[in-house]
Amino acid sequence: KMIQIGQAKRISISDVASVAFSDTPIVVISSSSNSLNSSKISNSVNFPNSSKAVTDDIFSIEDELYPECICRAILFCRSVSNLALQAPILGAEAAALVSFLNAGITPLIPIKGGDSIDKLCSDMILGKGSCRLAIGRANSSGSREYIELPISEAMAAVGIEPILPTAIPESEKPRSSFPAVSIAIGSLLAYGAQSLSKVVDCVAALTCEAIGFNKLETYDLTYFESSRPHRGIMLSASTLRLLLDGSKRCSVSTPNSPAVVFDASVFCRIPQINGPSIDSIAAACKVMDIELNSIESSQIVFDDTQTLLAASQLCDTLMRLIDSSSDRLQQLHLIVGTSVQATKKTSQPQSSLLQQYLVLMQLVSTLTAELSASLAVLDQLDTASTQKTAAVAEDAEGGSQGVQKGSKPEQDDSHLSEEQRLKAEAKRKAKADKAALKAQQKESKKSAALVLGAGSSLIRNHLKAQSALALRPFDDSEAGFVSTCERVVEQLNAGGKRRPKIPKGARDYTPEQMRIREQAFSAIRRVFKRHGGVEIDTPVFELKEVLTGKYGEDSKLIYHLADQGGELLSLRYDLTVPFARFLAMNSVGNIKRFHIAKVYRRDQPQLARGRYREFYQCDFDIAGAFSPMVADAEVISVAAEILSELPVGTFLIKLNHRKLLDAIFDISGVPVEKFRPICSAVDKLDKLAWAEVKAEMVEEKGLSAEVADKIGSFVLFNGQPQELWERLTADAVFGDHSLAAAAMADLKTLFAYLAAMNTLQHVSFDLSLARGLDYYTGVIYEAVLTDGTSQVGSIAAGGRYDNLVGMFSAAGVQTPCVGVSIGIERVFTIMEKKAEQLNILQSSNIQVYVASIGSDLICERMRVAQSLWAANIASEYSHLDNPKFKKQLDEALERGIPFMVVFGPEELEKGAVKVKNMSLKTEQEVVIDELVAVLLQQGCVSLSAGVDVSFITAMKASSLNIEVKEKDGK
């Protein structure tokens, strides 16, 4: 392993820990050299005769000097910060400091007072001051033996030449404000806490085994998912279940000894303590990684506030883990008596970073004590179980002899010959031995050896194989306890023990359901293409800034991806905003575009109503400059054509104008800044009664009751478009308001165009329609079902958005756009229910089943099938070498395949096959060369004729009205 620094190389808290506790070499990457100062700690140096080796395994807050590990971390962080400033003099100093680290030389850094780190480092490279010089390599705990001596002597011992003083005055040298001491200690604290977070569940699992905690249902994920769905808690509970899976010691059917009484709540709370603690530690580690790689600026003084806050958060978390471990240790004390002493509970929060670092060491001590006590209890149980098993075996052996000697009266064999008598005795002995073995196995099961969980047994075996119990948070070796626990949990997760689960608001699709989707998509694409639409695609994720601020109150439903240190990204909420960004980046001119793809919303799923978090949208948009309302009319006509072709029942397209809504709000007295929030409230009128919407306006949006009532007098208007338009105009409902006049003029033109396209019959002019998205600027519309049998909400929606593209254009160039989006998932919900009711879901998409009678005809079946595939006819045959004809016939009937092609040796000799029409129950012998033509003539569907539309045809032809309603949240 090697750590590279310089040239914008990112480092992590694990790098700091590696330098502090191991002999990992450091390499400085610079523009002039690719590998500087990579020498390792010397194993043979010329030590002064007066030197005396010491170690600093244990230190306290009363010590005057930082321990060697922290000094190495400080020196490393100072080197990294100096390189980041890209000043030649600081770069040379950083290279020199790295040479000292690689040679095992660290300065004596006082905890309180003394020179600054800048001064100390400058003196060090000149050979001034005192230092520690490591003797040999670090031991398994990361500590080294070292001697204290003047830096000049240490440099001479390892062969480092002092750097000559620079000619630059001290006052003019560039100085770093990088808080190396705080960040070094904070990084070690974070890494140590991160390591311990990987073992706390494993340690707790061993204690559960030792105590015999048999209420594992408290770790059931179903409880947390419904009652307390915190990710960390659920992850900890799941890990504990995996570790304890298969444990007889923690089995519900194995009651605890009456003599053992313990507080079960201590163990029930483990996930609720460990889970949030692990999350909190991960968040603090992320902060420290950012701080380590932050670059100073001449305008900003680099302080350590973030580091101190993260360290304080880590300290609070560690103290909670100490208290939890101490509580479990106290429960173990109830079992083993005075041989285990409970540790002292933590006191007030620690203020200094070094005190907080010592809290980490306290947690190490507490967890080690808990591990030791758990292992001692398990060893006692193992010994007692072994002794009991041996006693049972001894009793069983004696019982076997008793069975042989006199459990049954001796039989009279006097009438048998000698040979017969010997056979009878052997048979009786074998029977007795078998009975004794069975009895022994039965008793052994009752007193079986100690059986631990799948994970806890692996961890116990690892600890038993060690010469001494040691929990070292900075030991990242494969044989270390931290790595072992991490590896065990990964193995258990990979082993499939965790019950599979699909994310909330998502779903799987069966092959039958996919056939419905394929047919629906094909019908929609046909409509899009016959209107001249061209298809595009965009990334499933966008820059966060692209999506935010475009959806009003619904912006809270955007899925934001976790910050990985790069661009801030979000999953697309719809296909419209990405299209606007596409238009701004690509000079495409006028375009009729369609896009079928998945979008994501962090909404509350309602599966029965077709509302998911991951779902498809089918969008059709017209972008460019056209005569008023021409593009709008065509887009609405596209929506009506699609819904007419799909078997969704009768539908209605509600239509309004955003400018008309703004005029209503203005006339009613709504402040301009509240137009969009009030618009979002009005948008809920299709789900809520007017009284509830009014209450939201008044109580949540801060509108007066009088203004809300005025809005209500407008938004309750709806009816046939041209008739309502005439009535509103004749009554001068909007007075001479300019926005209303412009909107009504647009609508008059639009209704005329829709009538010309024979689409107006599907449209309702509805002033309550609001569409809460902020980017709409003109006509808005929404399609709903009207047959009263389905409650799936809107199944299509859209509108005009003339200003959205300009938001992404540097020059502010606007591109007028209008579009519609089909809510295909809700359409699927209706179609699937109808297909299920009509019993057509199970019908096969295979048109022909190729069967043979006789043996060794698999190659002939392949040849016939290949000829059908070449003609684009979906076909299958049995993959068995010599299938029985009845099985082939049964499969074709069971799968609803409409045709069979059957042949045997006799037909092949004539170059013919038999065609069975399964629905008409007819059979016809045809020449192989005419097979395709005959099948097509009898109604076999070729894929070249288009996708199979049997589902849609059957559902549209059916008079069934399938009721789809939500009941009990399902």
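Residues are numbered from 1 along each chain as its sequence is written. Because the model is predicted, local features need pLDDT of at least 70 and side-chain atom pairs count only at pLDDT 80 or more, while totals for chains, interfaces and linings use all residues.

**Largest pocket**

- The largest pocket has a volume of about 1,200 Å³.
- A pocket is an open set of points on a 1 Å grid over the protein atoms alone, where a 1.4 Å probe fits, with protein on both sides within 12 Å along at least five of seven lines; lining residues have an atom within 4 Å of a point.
- Among the 50 lining residues, Asp554, Tyr573, Arg601, Arg611 and Arg771 are the closest to the centre of this pocket.
- Strand 10 (614-623) is one of the elements that give two or more residues to the lining, and strand 10 gives the most, with 5 residues.
- Strands here are DSSP runs (E, at least two residues) and helices are DSSP runs (H or I, at least four), numbered from the N terminus.

**Surface patch**

- Val540, Phe541 and Leu561 form a nonpolar patch on the surface.
- Phenylalanine 541 lies in strand 7 (residues 541-543).
- Phenylalanine 541 has a relative accessible area of 40%, so it is partly exposed (between the limits for buried, under 20%, and exposed, over 50%, with a 1.4 Å probe and protein chains only).

**Buried residue**

- Alanine 633 is found in helix 20 (residues 630-645) and counts as buried, at 1% relative accessibility.
- The C-alpha atoms of alanine 633 and phenylalanine 751 are separated by 8.2 Å, although the two residues are 118 residues apart along the chain.

How values were computed: Side-chain values use heavy atoms; hydrogens and water are left out. Grid points are joined across faces, edges and corners, and a volume is the space filled by probe spheres set on the points. Patches are made of residues with over 30% relative accessible area and no salt bridge: like charges are joined within 9 Å, nonpolar side chains (Val, Leu, Ile, Met, Phe, Trp, Tyr) within 5 Å. Accessible areas come from the Shrake-Rupley method with a 1.4 Å probe; for residues, only the protein chains shown count as cover. A salt bridge is a side-chain nitrogen of Lys or Arg within 4 Å of a carboxyl oxygen of Asp or Glu.
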